[in-house]
Amino acid sequence: MASYVIEGSNSLKGEILVQGAKNEALQIISATLLTDQEVTVRNIPDILDVNNLIDLLRNMGVRVNRLSSDVCTFQADNVNLEYIKSEQFLEKSRALRGSVLLVGPLISRFGYAVFPKPGGDKIGRRRLDTHLVGIQALGANCEYQTDIHAYELKAEKLSGTYMLLDEASVTGTANILMAAVLAEGTTTIYNAACEPYLQQVSKMLQRMGAHIEGIGSNLLRIEGVKSLNGCEHTMLPDMIEVGSFIGMAAMTASELLIKDVSVPDLGIIPASFRRLGITVEQRGDDLFIPRQEHYEIDTFMDGSIMTIADAPWPGLTPDLLSVFLVVATQAKGSVLIHQKMFESRLFFVDKLIDMGAQIILCDPHRATIIGLDKRVPLRAASMVSPDIRAGIALLIAAMSAEGTSVIHNVEQIDRGYQAIDTRLNALGARISRL
């Protein structure tokens, strides 16, 4: 288990380039299974989860050629279906939550998929009903096999249908979409997710020859085609990393220029940080965060306490609420953080309380943060990263704290952030890896 040793109270200064989007990468790489022709993907983040998915495809027989650190070609013209039934495949799939996105392409193109209940972050239950119910609606048969502890899906053919998703799940929508593009007839999906990354995979499928209407809305119509072609695709920068750098700059009184962020695809993220009193300046397609010694949380018009909550796009992504929470600890004022989706994602706040933060954990979904206006700096601490997003929040806290902190299990952070210690040290941070 690797650890970070962080010497706190160091400000950062300079420019930082944002990696490709992890959540998009998992969808895009899975979609390469839908064709036997070559697909070129650019701006791939060099992170653990994405590299593990690439290795899984390579083991399945997909020809993967890495042209550079962030560009790969994929050609799934000789997929080994026997490997998909192997214990090695099941073991690797369980360790990677993104492997769920293989189900749609596999059942659509090959009529067979195996789906072990995956692992991943310790952030509470993550229902998979949307994936399985949607694919079953297209005509797949799904049975749980107790001997291998996995769902087995089979289909002689898939047929288009109408469906109303029980939740606007991004990965659920992506899985159903990838299954539907090769199904016979028309599929209508209401309550579809419409996040930029879902729009990206939809546009990629269009370039491959899929017929999709309604991209960017919660109503998708897919007219199935018999086969798909190869294409080229460039992924968006990671909006979660953009938000993490904004929060990090504010907490450490740093001056950062965040480069090439694709501002139109950030939604309300910059505006939400401004509600915490953080100055976020747009300079073309870059964001500039000036050094701020203090920042003050806004209130509602009647003077009541501000609430920041996650919501389906175009609402605020739940992946950034951990960052908003830790940044608020050193603001002036109070805020209620409402994490609606995952009931365990706020349980890292006990570590922040140990560091001196004033936080009331109201219930598994809500926490009230009383900002200290940097009058009382956070204390250094030793802690364990429970998941990717809490891990980056704890790293931000440690970078702003007085003294030297240690974060264990940083493999969790590595799953979502590319060489984060090296990149931050180049800007003035002092982070060493053990």
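Me: Where is Tyr-162 placed?
Reply: Strands (E, at least two residues) and helices (H or I, at least four) are DSSP runs, numbered from the N terminus. Tyr-162 belongs to strand β9, residues 162–164. The model is a predicted one: local features need pLDDT of at least 70, side-chain atom pairs count only at pLDDT 80 or more, and totals for chains, interfaces and linings use all residues. Residues are numbered from 1 along each chain as its sequence is written, and side-chain values use heavy atoms, with hydrogens and water left out.

Me: Is Tyr-162 buried or exposed?
Reply: Buried means under 20% relative accessible area, exposed over 50%, and partly exposed in between (1.4 Å probe, protein chains only). Tyr-162 has a relative accessible area of 53%, so this residue is exposed.

Me: Which helix holds His-131, and is His-131 buried or exposed?
Reply: His-131 lies in helix α6, which spans residues 129–137. His-131 counts as buried because its relative accessibility is 3%.

Me: Which side chain has a polar contact with that of His-131?
Reply: A polar contact is a pair of N or O atoms within 3.5 Å; within protein, one must be able to donate a hydrogen and the other to accept it, and residues adjacent in sequence count only if both atoms are side-chain atoms. Here the side chain of His-131 is joined to that of Thr-171 by a polar contact of 3.3 Å.
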